[in-house]
Amino acid sequence: MSEAAVMTRHAENHVAVPATGCILIIDDEAEIRESLQTLLELEGYEVITAANGAQGLMRSGEKPFDLVLLDLTLPDQDGFSVLSTIRERDAYLPVIMITAYGTVENAVRAMQSGATNFVQKPWDNEKLLADVRETMKRRQAEEENVQLKRALKQRYSFENIVGKSEPMLRVFDLIAQVAASRSTVLIQGESGTGKEVIAKAIHTHSPRKDQPFVPVNTGSMPPDLLESTLFGHLKGAFTSAIASKKGLFEVADKGTLFLDEIGSMGMETQAKILRVLQDKKFMHLGGTHEIQVDVRILAATNVDLQQLVKEGRFREDLFYRLNVISVDLPPLRQRKEDIPLLVDHFLKKYSEENEHPLRRITAEALRPLLQHSWPGNVRELENTMERAVVLSTGTEVGVELLPDNIAGRHVMLPMIDQPGDASLFQILEECERRIITGMLEKCHWNQTDAAERFHVPLSTLNQKIKRLNIEIKKKGRE
Ligand SMILES: Nc1ncnc2c1ncn2[C@@H]1O[C@H](COP(=O)(O)OP(=O)(O)OP(=O)(O)O)[C@@H](O)[C@H]1O
Ligand SMILES: [Mg+2]
């Protein structure tokens with residue numbers, strides 16, 4: 001079909017709303033690629049082409065496609081092997097096979113291998129377009145369905161936990177699955193990744209939600225205190241036990257006990273915890289009666305428990321008891337697509353808390369937030385946004401409201417990145433100038449304070465200020 005004929009055909013079938021979606025064409029014949037591309041682009045689809053199997057597979061990983069038109073005979077590998085790789089990556093992506101050798105066997109084999117449809121060269125444009133439209137419509141409906149389900153689930157279940165990255169969506173699915181059971185869950189992740197919020201979400205979506213959720217930081221207490229906190233004690237059990245006290249296992253009865261930082265728990269306490277997990281029984285310190293409780297245990301750790309097991313510092317049997325279900329929270333630097341969402345979430349939260357009109361982030365300020373490595377994870381991002389909201393006067397949060405280390409001020413020295421003609425001494429001098437200027441700014445240009453903070457005599461600092469030509473902006477406070 002000539003281009004003019006395609007145009008006429010298109011004009012006849014003109015639809016008010018152009019079709020949307022992205023199609024990948026994998027065919028080694030340039031003429032076929034071009035005519036298919038013209039045909040589909042006139043319909044409104046976005047089209048990307050590839051001339052062989054390897055290129056096609058590469059393209060298919062570069063962006064999400066809604067449909068692949070795949071030639072059966074390609075120069076580097078046959079279409080079936082390309083199809084099977086596509087299927088491994090995406091079980092639902094529609095693939096229409098195209099071939100000049102349209103034998104019945106090939107058609108059957110294509111459908112059996114997971115092709116959506118089979119088209120024979122030379123094809124009929126109208127029929128091919130009808131197939132494409134039909135497939136795209138189905139694909140888009142399925143996609144919307146999946147997104148709707150996810151959105152509903154998220155809005156419904158986890159309104160305070162924000163995330164759209166694949167690992168976080170998997171975590172949300174897992175929470176939904178495990179919340180209802182009474183299984184022990186081990187939540188692992190670096191500090192500030194949200195272990196406690198996940199533990200709370202599991203509790204609030206469980207049948208125990210109206211019973212207590214009791215967090216206990218097992219890492220921050222000496223062993224004796226921890227045991228009396230967990231198991232309670234009778235009056236006189238130890239010298240300072242002037243009155244009997246309930247333990248947190250009793251407080252959490254019928255509810256959930258969240259054992260935080262479980263990696264730092266001593267071996268003896270571990271043995272007692274294991275006993276409660278196995279028999280649901282324990283004794284008060286100094287007591288003789290066994291107490292029966294029904295407590296669901298959630299545990300969290302920011303160290304590798306398996307490594308501690310190997311080193312003999314954590315009981316293997318307790319590890320397996322706790323690790324019935326494990327939730328791994330990836331560090332924020334590995335799920336940067338969550339950052340804009342979290343930024344909006346915290347801006348809203350702190351604007352409301354501070355009774356400010358809603359603050360918005362500028363594109364310029366979002367950039368360094370996406371580049372920062374967030375060693376303190378979501379907590380660090382939350383603190384950064386709280387600070388920005390508190391310091392803000394207008395409705396926008398710009399880069400000037402971000403801390404220096406995040407905004408890249410004083411840190412990125414162009415000379416270090418690209419030394420160019422600068423000598424080592426010049427670079428060191430520039431570093432020194434910036435460090436001293438930074439400290440002087442912090443000390444409101446009071447040289448005595450700055451010298452004290454640098455642990456150098458005032459005269460030394462003054463010499464450096466002179467040598468480095470640092471301009472003193474304001475008079476020191478006096
Ligand atoms: N996905 C998220 N959405 C919204 N807020 C989050 C999310 N993850 C963490 N936060 C917030 O970040 C802060 C830190 O989270 P949390 O205390 O749960 O981290 P943690 O992993 O328990 O840290 P640590 O190991 O230091 O105890 C909390 O204020 C929490 O509300
Ligand atoms: Mg915590």
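**Entry 1: the whole chain**

I count helices (H or I, at least four residues) and strands (E, at least two) as DSSP runs, numbered from the N terminus. I am working on a predicted model. By that count the secondary structure of the protein chain comes to 21 helices and 16 strands. I then looked up burial over the 478 residues of the protein chain and found that 27% count as buried. Residues 24 or more positions apart account for 68% of them.

**Entry 2: the sheet with β1 to β5**

I traced the strand order here. It reads β2-β1-β3-β4-β5, five strands in an open sheet, and the pairing is parallel. Which strands stand at the edges? I find β2 (46-50) and β5 (117-120) there; each has a single partner strand, so one side of each is left without a neighbour in the sheet. From one strand to the next, I get a twist that averages 20 degrees.

Four bridges hold β1 and β3 together in the parallel sense. One pair I noted is Ile23 with its bridge partner Leu67 in β3. β3 (residues 67-71) also runs parallel to β4 (residues 95-99), and four bridges join them. In β4, Val68 has Val95 as its bridge partner. Asp71 has Ile98 as its bridge partner, again in β4.

I went back to β3 for burial. Five of its five residues are buried, and I put the strand down as mostly covered. Which residues point which way from β3? Leu67, Leu69 and Asp71 point one way, Val68 and Leu70 point the other way, and all are buried. Four of the five residues of β4 are buried, so I call the strand largely enclosed by the rest of the structure.

**Entry 3: helices on the β1 to β3 part**

I looked for helices lying across these strands. Helix α2 (residues 30-43) lies across β1 (22-26), β2 and β3. The angle between α2 and β2 is about 170 degrees. Helix α3 (residues 53-62) also lies across β1, β2 and β3. I read its angle to β1 as about 165 degrees.

**Entry 4: the sheet with β6 and β7**

I traced another open sheet of five strands, in the order β7-β10-β13-β6-β14, with parallel pairing. β7 and β14 stand at its edges, each with a single partner strand, so one side of each is left without a neighbour in the sheet. Direction ignored, neighbouring strands of this sheet are turned by 20 degrees against each other on average. I checked one pairing in detail. β7 and β10 pair in the parallel sense over five bridges. Phe213 has Thr256 in β10 as its bridge partner.

**Entry 5: helix α8**

Which residues of α8 are buried? I listed Lys195, Ile198, Ala199, Ala201, Ile202 and His203.

I stopped at Val197, which is found in helix α8. Leaving out residues up to four places away in sequence, Val197 touches Asn160 and Ile161. Asn160 is 37 residues from Val197 along the chain, yet their C-alpha atoms are separated by 8.4 Å.

**Entry 6: around ligand 1**

I ended at the ligand. There are 17 residues around ligand 1, and Ser191, Gly194, Lys195, Glu196 and Val378 come nearest. Which helices each supply at least two residues of the shell? I noted α8 (195-204), α14 (339-353) and α16 (377-391). By class, I sorted the shell into five nonpolar, eight polar and four charged residues. I also checked the domains. Domain 2 (166-330) and domain 3 (333-407) each give at least three residues to the shell around ligand 1.

Notes. Residues numbered from 1 in each chain as written. Chains lettered and ligands numbered in written order. Predicted model: local features only at pLDDT ≥ 70, side-chain atom pairs only at ≥ 80, totals over all residues. Pairing = 2+ DSSP bridges. Axes fitted to C-alpha atoms, helices over the stretch in contact; angles between N-to-C directions. Contact = placed C-beta atoms within 7 Å. Near = placed C-beta within 6 Å. Nonpolar A, V, L, I, M, F, W, Y, C, P; charged D, E, K, R; others polar. Domains from an automatic or database assignment. Buried ≥ 20, exposed ≤ 12 C-beta atoms within 10 Å, placed from the backbone.
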